[in-house]
Amino acid sequence: METRLYQKRLPSLGVYDVVVVGGGPAGIGAAVSAVQEGVSVLLIEKAGVVGGCLTIGHVSPISGDYVPNTVAEKINRRLKNGSTKLDLVHDFETAKVELTEFLEEAGVEVLLNTSVVDAIVENERIKSAVIATQKGLFSVEGKTFIDASGDAVLATFAGEEIMVGRADGLTQPVSIMFTLYGIDENQTIMCYNEVMDTPLKKGSYQTLCKQACQSGELPETVSVVRLYWNGKKGERLVNASQVNGVDGTDPKACAKAQAELRRQQKKIVNFLRNNVEGFENAQVKDSSDGIGVRETARVKGLYVITAEDLIEGKTHEDVVVHKASFAIDIHNPSGSGQAESTGLPVVPKQYDIPYRALVPLKSKNLYVAGRCISGTHRAMASYRVMNICMNVGEAAGIGAAICAKEGKAPSELPAKAVQQKLIERGVSLFD
Ligand SMILES: Cc1cc2nc3c(=O)[nH]c(=O)nc-3n(C[C@H](O)[C@H](O)[C@H](O)COP(=O)(O)OP(=O)(O)OC[C@H]3O[C@@H](n4cnc5c(N)ncnc54)[C@H](O)[C@@H]3O)c2cc1C
C-alpha cells in the first residue's frame with residue numbers, strides 16, 4: 001500500500017454503495033441506473049453543473065441512436081420534449097435543468113465543483129476517492145466505483161493500464177463549439193457537414209471553406225465549417241475550430257489551446273459573415289465553457305473493442321449495449337477534416353459493446369463507462385457519441401449496484417446478471 005501524506009488526516013464526506021466519477025452522459029446514465037437498483041449513489045462532478053459535453057461542452061446533436069427503454073431514452077425525451085427527432089440539436093439550458101432534476105428525482109446525491117484527485121487503494125480495491133473542494137481535501141468511501149470522467153482519472157490513480165491515441169500517440173483534436181444568432185433565414189443556407197454542399201453567390205460552400213483554409217482566411221486546421229440547425233430561427237451551432245496535438249488532461253496545454261480556439265472562433269465568424277449570404281450580421285450567442293476534448297485516455301479492460309469489430313457488426317455473448325451505431329468519426333489528429341476519408345467517415349454495422357470492455361484489468365471494485373472504456377483509438381471514434389455513452393453507463397450502473405450488494409468484483413460478476421436486469425427493464429440485447 002502506498003502511503004500518502006494526507007492519508008490519515010482526510011475527513012470523510014461519506015460512505016456509499018456506488019460512487020460515480022464524472023457527471024457527463026455516461027456518469028448520469030450510470031448513477032441513475034445504479035440508484036434504480038436500490039443502492040446509495042454519489043455522483044462527483046468537477047464542473048458547476050452536470051451534463052459534461054452535453055451541457056457545458058456545447059455538444060449536440062446527441063448522436064448514436066438511443067436504445068428503447070433505456071435511461072438514454074428517458075433523457076432524450078426530457079431534453080427534446082418527447083420528440084423522437086434524433087437529428088435535432090438540443091437546448092443546452094434546458095439540458096442543465098432537466099438533467100439536474102432527473103438526478104434529483106432518481107435520488108442520486110451529487111457533489112458539484114468537486115474533483116477527484118487521487119485514490120486510496122488497498123489490495124487492488126479502491127478504498128476511497130480523494131476529492132478536492134473549496135473546503136479542502138476529503139475522502140469518499142465506496143463499495144464499487146465507476147470512472148465516467150472521460151479522462152479515466154480514477155482508473156489512472158488506481159494504477160490501471162491506460163491507452164492513449166493512435167499508433168503515433170496523437171489523439172483527436174480539441175475544439176470549441178459555439179452558437180451563432182442574427183442569421184437571416186430568408187437567404188441563408190442550411191449546410192451541414194463534410195458532404196452536404198450548398199451553392200452560394202461566391203461558389204460552393206465546401207469549396208469556399210477549403211479555399212479559405214488554404215489562403216489563411218480560415219485557420220489551417222479548419223477546412224470545413226459544420227453548421228447544425230438548433231430548431232431556432234436565425235441560429236446555427238458551429239462545429240469547426242480545431243487544435244491538434246493537445247493533451248486534454250494537461251492544464252497548461254488546455255489553457256494554450258483555449259486561447260488559440262477563441263482566436264479561431266473570431267476567424268470562423270468573420271469567414272461566415274464575409275462569404276455566406278444571410279450570415280452578414282451573425283454574432284456568437286454562447287459557446288462551450290472550456291475546450292471540448294474528444295479523446296484522452298482509454299482504460300485497458302478484459303476485452304479491447306476494435307474498429308474491425310464495429311465494421312463487421314460483431315456480436316458478443318456478454319453484450320450489454322446492443323445495436324450501437326455511429327460512424328468511425330476521427331477528426332484528423334494531424335491535419336484538418338476527417339483522418340480517414342475526404343468525405344463522411346466509414347459507417348460500421350450495428351455492433352455490440354461487451355461487458356468485458358467495462359471491466360479494467362486490475363481493480364476489484366471499479367467499472368469504466370463512457371468514452372474511456374476499453375477500445376482502440378479507431379473504435380472509440382464511434383462509441384464516444386453521447387447516446388452510446390449513456391447506454392454504457394446504464395450497464396456499468398447495474399453491474400456496480402449488484403457488485404456492491406453482493407460483495408463481488410466486476411470481473412467475478414457474470415455478464416448474465418447485468419443482462420437479466422437490462423432485459424427486465426425492457427432493453428433488447430439479442431434480437
Ligand atoms: C467538440 C466535440 C464535438 C462532439 N460532437 C459530438 C456530436 O455531435 N454528437 C455526439 O453524440 N457526441 C459528440 N462528441 C462526443 C461526446 O460529446 C463525448 O464523447 C461524450 O460526451 C463522452 O461522454 P462521457 O460521459 O464519457 O464524458 P464527458 O461528456 O466528457 O463527461 C465527463 C464528466 O466528468 C467530469 N470530470 C472529469 N474529470 C473529473 C474529475 N477528476 N473529478 C470529477 N469530475 C470529473 C467532467 O467535468 C465531465 O462532466 C463531441 C465531443 C467534442 C469534444
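This is a predicted model: local features need pLDDT of at least 70, side-chain atom pairs count only at pLDDT 80 or more; totals for chains, interfaces and linings use all residues.
Val71, Ala72 and Ile75 of helix 2 touch Asn387, Met390, Asn391 and Glu394 of helix 9, where contact means C-beta atoms, placed from the backbone, within 7 Å. Residues are numbered from 1 along each chain as its sequence is written.

Helix 2 (residues 71-79) and helix 9 (residues 386-406) pack at about 135 degrees, axes 8 Å apart; axes are lines fitted to C-alpha atoms, for helices over the stretch in contact, with angles from 0 to 180 degrees between N-to-C directions. The two helices are therefore oblique to each other (under 35 degrees is roughly parallel, over 145 roughly antiparallel, 65 to 115 roughly perpendicular, the rest oblique). Helices (H or I, at least four residues) and strands (E, at least two) are DSSP runs, numbered from the N terminus.

Turning to helix 6, its buried residues include Ala257, Leu261, Ile268 and Phe271 (buried: 20 or more other C-beta atoms within 10 Å of its own, C-beta atoms being placed from the backbone). The buried residues of helix 6 pack against elements including helix 5 (205-215) and strand 14 (283-287).

As for the ligand, 37 residues surround it, the closest being Gly22, Gly24, Gly52, Gly292 and Gly370. Helix 1 gives the most to this shell, three residues.

Methods
Two residues are in contact if their C-beta atoms, placed from the backbone, lie within 7 Å. A residue is buried if 20 or more other C-beta atoms lie within 10 Å of its own, exposed if 12 or fewer, and partly exposed in between; C-beta atoms are placed from the backbone. A residue is near a molecule or strand if its C-beta atom, placed from the backbone, lies within 6 Å of it.
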